[in-house]
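Me: I'm new to reading protein models. Could you walk me through one, feature by feature?

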Amino acid sequence: MLRSESDADDERRADPIWLRGVMYTAVTAIEACVDVAQHICAAQGWGPPTDNGDAIRLLGSHGALAATLALSLRKAGCRK
C-alpha cells in the first residue's frame, strides 16, 4: 500500500486525510515489525532486548533477518 501511495498525484497529496492515512499505515507496519521481533527474541531465548531497536538488532545478529535489513528498519523508526 505504501509503495502505491508513493506515486499519488498532487490532488491526492493535498487531501489532509490522505497523509494521515499514509502515516498511520507506516507507523502500524513498524509497530508490527517490532512486536514480531520481540516475540522471536523471547521464543528463541536471546534475552530481553533493551529496547525496540535492540530487538531488531538481535534478529540481524542471529541471522533471523538480513543484517542490512535490520539496520534499515532501525533507521526507519524501530529505535526506541
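This is a predicted model: local features need pLDDT of at least 70, side-chain atom pairs count only at pLDDT 80 or more; totals for chains, interfaces and linings use all residues.

Me: How many helices and strands does the protein chain have?

Reply: There are 5 helices and 0 strands. Reading from the N terminus, the order is simply α-α-α-α-α.

Me: Why is the chain said to be more spread out than a compact globule?

Reply: You compare its radius of gyration with what the globule rule gives. Here the radius of gyration is 15 Å, well over the 12 Å that the rule gives for 80 residues, so the chain is more spread out than a compact globule. Along its principal axes, the C-alpha trace spans about 50 × 20 × 15 Å. As for burial, 24% of the 80 residues are buried.

Me: How do I describe two packed helices?

Reply: You give the angle between their axes and the distance between the axes. Take α3 (residues 16-44) and α4 (residues 52-61): their angle is about 60°, and their axes are 9 Å apart. The crossing is left-handed.

Me: Which residues meet there?

Reply: From α3 you have C33, V34, A37, Q38, I40 and C41, and from α4 there are N52, A55, I56, L58 and L59. By class, that contact has 9 nonpolar, 2 polar and no charged residues.

Key: Residues are numbered from 1 along each chain as its sequence is written. Side-chain values use heavy atoms; hydrogens and water are left out. Axes are lines fitted to C-alpha atoms, for helices over the stretch in contact, and angles run from 0 to 180 degrees between N-to-C directions. Helices (H or I, at least four residues) and strands (E, at least two) are DSSP runs, numbered from the N terminus. A crossing is left-handed if the near helix is turned anticlockwise from the far one by less than a right angle, and right-handed if clockwise. Contact means heavy atoms within 4.5 Å. Ala, Val, Leu, Ile, Met, Phe, Trp, Tyr, Cys and Pro count as nonpolar, Asp, Glu, Lys and Arg as charged, and the others, Gly among them, as polar. The radius of gyration is taken over C-alpha atoms; the globule rule is 2.2 Å times the number of residues to the power 0.38. Buried means under 20% relative accessible area, exposed over 50%, partly exposed in between (1.4 Å probe, protein chains only).
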